Amino acid sequence: MFCNQCEQVKDGSACTEIGVCGKDPDVQSLQETLLYGLKGMAAYAHHARRLGKVDEDVDAFTEEALFSTVTNVNFDIESLFELVLECGKQNLRVMQMLDEGHTERYGTPAPTAVYEGTKTGPGILVTGHDMVDLHDLLEQTKGSGINIYTHGEMLPAHTYPELKKYDHLVGHYGDAWQKQRIEFAQFTGPTLATTNCVLIPPTAYKDRLFTTRVTAVPGGKRLKTNDFSEVIKCAQESQPLTDQQVGESTIGFHHKVIGSLAGQIVDAVKAGALQHFFVIGGCDGAEPGRNYFARYAANTPANSVVLTLGCGKFRIRNEDFGTVKLNGAGEIPRLLDMGQCNDAYGAIQVAVALSQAFNCSVNDLPLTIVLSWFEQKAVAVLLTLLHLGVKGIRVGPAAPAFISPNVLAILQDKFDLGLIGNDPIADVKAAVAGT
Ligand code: SF4
């Protein structure tokens with residue numbers, strides 16, 4: 001019989017002496033936090049590697065951190081806490097590599113108006129996060145008469161010069177992953193799922209769902225190489241789409257775009273035209289309580305900007321946020337879409353640039369970070385923010401089940417990390433007032 005905590009063999013019965021072997025709930029909590037952070041970091045590192053970016057130090061840390069979670073290796077809260085924050089540091093490096101990989105291969109994103117909906121003719125929908133797959137598909141469908149659409153977190157593809165130069169990358173279709181079963185069923189062509197988050201398909205479209213490499217779901221067809229001829233054949237044999245525009249959005253506020261406006265942003269703050277910065281977004285889930293983020297964003301004042309990223313943006317982007325005037329730079333949208341969840345790196349770069357421009361620390365900026373969390377990548381991003389010493393972050397809708405009460409108390413004490421409240425209007429007011 002194995003102990004259910006530390007997996008040591010016991011004499012005939014499970015050990016219930018939690019703490020004797022050191023595997024108390026707080027140790028368990030920190031080890032699980034580390035594991036989830038590593039999984040998120042691995043997802044980003046996988047993308048970075050596909051773009052030719054690797055770092056031996058990251059790989060070495062990954063091995064060391066995984067080893068630290070092996071039974072009977074590390075039951076020490078202090079050193080586990082160090083590893084958890086080190087995971088945030090290494091993830092910052094990984095997000096930097098991913099940012100460099102994307103921009104070196106596909107160019108620096110620029111603000112871009114994106115057609116939302118479908119156009120007449122056969123089409124393929126690309127979901128997930130992998131720009132390399134999208135680029136390969138665009139190459140293989142050149143001149144075929146097939147239109148390519150992005151879905152969910154693939155939306156930022158339209159802002160990269162080397163991707164948007166393909167005329168048949170015609171638009172974006174659909175929302176975040178939660179609506180896949182409705183949206184993929186209504187999209188008459190095939191869907192190519194390049195990463196998480198992909199749902200197990202119902203009969204309605206399972207014959208039209210293709211996945212790539214490690215991404216796999218029962219009923220879907222997994223492709224092991226980047227030969228997309230089966231997807232292309234499926235598009236040619238499927239019922240063509242019709243012209244149905246549902247909107248247009250302007251996205252592509254990469255950190256270099258916002259950084260180029262730093263001087264005008266500082267002037268606008270000094271003139272009182274801009275008083276607060278919010279980062280609202282992250283990984284979105286499906287459970288009730290997440291409309292907090294939509295209500296929070298909708299109640300941000302007119303003299304503030306909202307940086308958003310990840311699929312959490314689909315909660316808030318239907319609102320008309322208007323614009324903010326910047327001296328000498330016209331006006332910018334109040335809602336600035338920075339891209340995928342890994343583009344949290346960009347939000348960090350913006351915060352650092354602003355703190356340098358104002359000659360203060362990031363924690364002294366009029367900046368509030370409100371993150372939705374759902375899966376491992378969000379854990380990795382949160383650990384990065386904590387590694388950087390960013391305080392006062394609010395996450396929600398609930399604390400992860402693997403965070404023990406004591407570990408949560410430590411995070412609250414060290415970083416003023418807290419959960420979102422129940423009253424987004426009051427919370428926005430408190431954020432602006434700095435209370
Ligand atoms: S932001 Fe997170 S939850 Fe949303 S699609 Fe990306 S990985 Fe999934």
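Domain bounds here come from an automatic or database domain assignment. The structure is a predicted model: local features require pLDDT of at least 70, side-chain atom pairs count only at pLDDT 80 or more, and totals for chains, interfaces and linings use all residues. Residues are numbered from 1 along each chain as its sequence is written.

The assignment divides the chain into domain 1 (25–106), domain 2 (112–247) and domain 3 (253–433). The C-alpha centres of domain 1 and domain 3 are 23 Å apart. Contact is defined by C-beta atoms, placed from the backbone, that lie within 7 Å. By this criterion, 24 residues of domain 1 touch 18 residues of domain 3. On the domain 1 side, helix 1 (25–50) and helix 3 (77–106) are the elements that give two or more residues. Helix 1 gives the most, with 13 residues. Helices (H or I, at least four residues) and strands (E, at least two) are DSSP runs, numbered from the N terminus. This side of domain 1 holds 12 nonpolar, seven polar and five charged residues. Ala, Val, Leu, Ile, Met, Phe, Trp, Tyr, Cys and Pro count as nonpolar, Asp, Glu, Lys and Arg as charged, and the others, Gly among them, as polar.

Gly 107 follows helix 3, with a positive phi near 90°. Pro 161 is in contact with Tyr 106 and Gly 107, neighbours within four places in sequence being left aside. Pro 161 and Tyr 106 are 55 residues apart in sequence, yet their C-alpha atoms are 6.1 Å apart. Pro 161 belongs to helix 5 (residues 161–164).

The ligand is surrounded by 13 residues, the closest being Cys 197, Cys 283, Gly 310, Cys 311 and Cys 341. A residue counts as near if its C-beta atom, placed from the backbone, lies within 6 Å. The shell comprises six nonpolar, three polar and four charged residues. Domain 2 and domain 3 both contribute to the shell, so the ligand lies between them.

An open sheet of six strands runs in the order 13-10-9-14-15-16, with parallel pairing. Strand 13 (335–339) and strand 16 (418–419) are at the edges; each has a single partner strand, so one side of each lacks a neighbour in the sheet. Pairing requires at least two DSSP bridges between two strands. Strand 9 (residues 276–282) and strand 14 (residues 367–372) pair in the parallel sense over six bridges. Ile 280 stands opposite Val 370 in strand 14.

Note on methods
Contact = placed C-beta atoms within 7 Å.
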